[in-house]
Amino acid sequence: MITNVLMPKLGLVMKKGRIIKWYKQAGDYVKEGEKLFQISTEKVTIDVESKGNGYLRAIYAQTGAIVPVSGIIGLLGDKDEPLPDMKSPVYEMDNEGIGDYAAPNNAGAGLKPAPADVYKENNIKASPAAKRLAKEKGIDILRVRGTGPGGRITESDVINFKPAETAGINAEDSVALAKDARSTPYAKKLAQEYGVNIQRVSQAAGDRKIYAHDVINLAQSSGSLTNGRGADKGEAAGGNEQSAILPLTDIRKAVAERMSYSAHTAAPVTLGMDVIAAELLKLKIAMAVSYPSDKITINDILVKLAAMALKKHPLANASLEDNGIRVYNIINVGIGVAIEGGLIVPAITDADKKSIVRISRESRDLIERAKTGRLTYEELSRGTFTITNLGAFGIDMFTPIINPPQSTTLGVGRIIKKPVVIDDRVEAAPAMVLSLTFDHRIIDGAPAAQFLQTIKLYVENPYLVLGV
């Protein structure tokens, strides 16, 4: 029977993947569980195994093709079985950085697009209400233990979910559990490598066999992948007396790819502005007195002030897409967090609607989990605007790189006393430099400058916007 080979979904927010290479050629026989092709997303590169036995009758997505989740990339079936009367899908191509992998033959030319409903495959056994609630609460539903029939996740499961209920276990337990799980050898290998509880993967997969991308999904949700495969081995390869080559960890590779993508696709321009921080410091001190256990930082307050400024300047909270500029009706402020081996940007959702105290608590939680590799894929992908602060390192001013696909990124320097003119007198006042890098394809210089002016106004007069 002819079956479609589909682009898998790795993580809740993944929309598309790129074909890196095929391990089989059209006409080859493939066994279930054999590596069939390799894909990459913004977060990970992974081999994908075949879900069945049969001949690879057609390859629709060549090396370098950008394919939406659940898009048809090939056909699997019997050797002489007639192919369906359908046209081959046409996908965007991006071969940059792929290398010299040979593009396989395409035996399926002349086929029509598949019906739209084949793109709706969803491997998560959960009720619509549970999915909706998990999304509203920012919970990765793959981390929720299902108590419904067949392990189905219910709305009550999401309500009762506790963050401590993580998916990761130690490698020894993972090996033992993997022996009982119905999974491919490669999936078992990955589960052991990432320390993923394969029985949790089994709950998400339901009755079907577990494949590598199922393990990757759970590893991403539990943060296991943020450590990078082999990143903690401390191995240096190809070194000599004068130099050494450090292993390119997954996270370092992801940072490199995103920064390169930003530099080569955006039209970045950076504006800088001196800002008096006297009232900002007074507010921080006042909040420290009122909320001593929360240890509110300057960055916590800036997240709130920037979010309020974004409400007045929607193009600063937007991204460029193929069919236009997407202006977000949510304000999720990402905060740059330096971790071992890289940089990640978890985001605080609806920052404009939250108090500084709540922002501070959520920010502290995100930073702590970022440094221990426990963030979810969703938390790392939902930002609409980014703040990066290097003031703690004594940096006065820098030019931040835009975090794609966002339109603006705010850089924050250290607060030091500078000479300022107040009522015709030169006085020493605490001040800092704010640097706004914006994508000129989305927003022009004048509105970007107005956005920065608004942030300056709020920083110098925070009580205006906070209403206190």
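Colleague: Which handedness does the crossing of H9 and H12 have?

Modeller: In this predicted model, H9 and H12 cross in a right-handed sense. The axes of H9 (residues 298-312) and H12 (residues 445-460) come within 9 Å, and the crossing angle is roughly 135 degrees. H9 is therefore oblique to H12, as roughly antiparallel would need an angle over 145.

Colleague: Which residues of H9 meet H12?

Modeller: On the H9 side they are Leu 302, Leu 305, Ala 306, Met 308, Ala 309, Leu 310 and Lys 312. Their partners in H12 are Phe 451, Thr 454, Ile 455, Tyr 458 and Val 459. Sorted by class, this contact of H9 with H12 has ten nonpolar residues, one polar and one charged.

Colleague: How is a pair of aromatic rings described?

Modeller: By the distance of the centres and the angle of the planes. The structure holds three aromatic pairs. One of them joins Trp 22 and Phe 37, at 5.1 Å centre to centre with 45 degrees between the planes, and is tilted. Trp 22 lies in strand S2 and Phe 37 in strand S4, 15 residues apart.

Colleague: Is Trp 22 buried or exposed?

Modeller: Trp 22 counts as buried because its relative accessibility is 8%, and Phe 37 is likewise buried at 1%.

Colleague: What geometry do Tyr 29 and Tyr 55 form?

Modeller: Tyr 29 and Tyr 55 form an edge-to-face pair, 5.1 Å centre to centre and 70 degrees between the planes. Tyr 29 is in strand S3 and Tyr 55 in strand S6, 26 residues apart. Tyr 29 is partly exposed at 40% relative accessible area, and Tyr 55 is partly exposed at 25%.

Methods. Residues are numbered from 1 along each chain as its sequence is written. This is a predicted model: local features need pLDDT of at least 70, side-chain atom pairs count only at pLDDT 80 or more; totals for chains, interfaces and linings use all residues. Side-chain values use heavy atoms; hydrogens and water are left out. Axes are lines fitted to C-alpha atoms, for helices over the stretch in contact, and angles run from 0 to 180 degrees between N-to-C directions. Helices (H or I, at least four residues) and strands (E, at least two) are DSSP runs, numbered from the N terminus. Angles under 35 degrees count as roughly parallel, over 145 as roughly antiparallel, 65 to 115 as roughly perpendicular and the rest as oblique. A crossing is left-handed if the near helix is turned anticlockwise from the far one by less than a right angle, and right-handed if clockwise. Contact means heavy atoms within 4.5 Å. Ala, Val, Leu, Ile, Met, Phe, Trp, Tyr, Cys and Pro count as nonpolar, Asp, Glu, Lys and Arg as charged, and the others, Gly among them, as polar. Rings of Phe, Tyr and Trp (its six-membered ring) pair if their centres lie within 6.5 Å; planes under 30 degrees apart count as stacked, over 60 as edge-to-face and the rest as tilted. Buried means under 20% relative accessible area, exposed over 50%, partly exposed in between (1.4 Å probe, protein chains only).
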